[in-house]
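Keep the viewer open as you read.

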Amino acid sequence: MASRKRHTVAAVAFPGIAPFELSVPCEVFGIDRSELVSPWYRFFVASTQPGPFVTGVGYRMETEFGLDDLARADTIIVPADHKHGPPPEALLDALRAAHRRGARVVSFCSGAFVLAAAGLLDGRPATTHWMWADDLARQYPSIDVDPRVLYVDAGDGIYTSAGTAAGIDLCLHLVRMDHGAEVANAVARRMVVPPHRDGGQAQYVDLPMPVNADDDPIGRTLGWMLEHLEEQVTVDELAARSLMSPRTFARRFRAVTGTTPHQWLLSQRILFAQRLLETSDEAIELIASRCGFGSAANLRHHFGREVSTSPLAYRRTFREQLTG
């Protein structure tokens, strides 16, 4: 079996950077997780200027890597820059050059303004933190700004995410593309975050993610749904299990997950199907049954709509990645 090519990820650091967004790629890509897949990513932080610089919250940082080192990165991540000032032209040149040679270029939160200044978002869909979405659309009218979503995969190697924790969602999306759902889920478990979030920035709730607490009826029902993906259930049945009326259950479910029971269940079934396609040789018909789709035709329909490929093509592509 041929060995995998080691993928290099670089995060850009600059004066005024938001430390949390910078820490996200450090956590996802910078920690050696070669027990999950080998080789793991090679990771470094590159500064836009030599020497130490001050973050947006006042403490100093320094790295040995600079913009010239971005030339060897396969993925470049630009975290949030809440000043929205003109980025260094050298950084914009490095991002344009990276995109031309086929590297992925990624932004978190207001880092989208840097990609926009480089011209990489022209004519593309993109997102940023909802607080800055109007500013981004006004300054760069050629960009199709969507403030509702957690992240946008625009195709052609350009990715943007909304604020703060949405950077985690996007990083896990990249890991999922590179190494499959099983590895991405394992990373999420290590970080104690969900592997996939439904809904978008409009959630604005106290508990945006499922919490499977024993004293939480929605949490208990979510846990039961995950253990019974193969079963066909109605909202009325789920509401009864949660000891709520269907109307109250639907409202509470959306408050916790940001989406409907039907869409949440569909997403979990798709994720389970991805794991089975990656890790087993089971027939598509059997996978469809185990995941609650009933038939291979139904699985192909929903899988194609959600993943933009067929189950067989997904399995084939993933196996080809494994064999180099």
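Ala11 has Ile77 in β6 as its bridge partner. This is a predicted model, so local features need pLDDT of at least 70 and side-chain atom pairs count only at pLDDT 80 or more, while totals for chains, interfaces and linings use all residues. Numbering starts from 1 along each chain as its sequence is written, and side-chain values use heavy atoms, with hydrogens and water left out.

Strand β1 (residues 8-13) has 6 of its 6 residues buried, so the rest of the structure largely encloses it. Buried here means under 20% relative accessible area, with a 1.4 Å probe and protein chains only. Helices (H or I, at least four residues) and strands (E, at least two) are DSSP runs, numbered from the N terminus. In a regular strand, side chains alternate between the two faces of the sheet. In β1, Thr8, Ala10 and Val12 are buried on one side, and Val9, Ala11 and Ala13 are buried on the other.

Who sits beside β1? On one flank, β1 runs parallel to β6, joined by 3 bridges; β1 also pairs with β2 in the parallel sense, over 6 bridges. Two strands count as paired if DSSP finds at least two bridges between them. Ala13, for instance, has Ser47 in β2 as its bridge partner. To get from β1 to β2 the chain goes through helix α1 (residues 19-30), a right-handed β-α-β crossover: with the strands pointing away from you, the path from the first strand over the helix to the second runs clockwise.

Zoom out, and 7 strands make an open, mixed sheet in the order β5-β2-β1-β6-β7-β11-β10. β5 (65-66) and β10 (151-153) stand at the edges with a single partner strand each, so one side of each has no neighbour in the sheet.

Helix α5 packs on this sheet, touching β6 (75-78), β7 (104-107), β10 and β11 (158-161). Contact means heavy atoms within 4.5 Å.

Conventions. Axes are lines fitted to C-alpha atoms, for helices over the stretch in contact, and angles run from 0 to 180 degrees between N-to-C directions. Buried means under 20% relative accessible area, exposed over 50%, partly exposed in between (1.4 Å probe, protein chains only).
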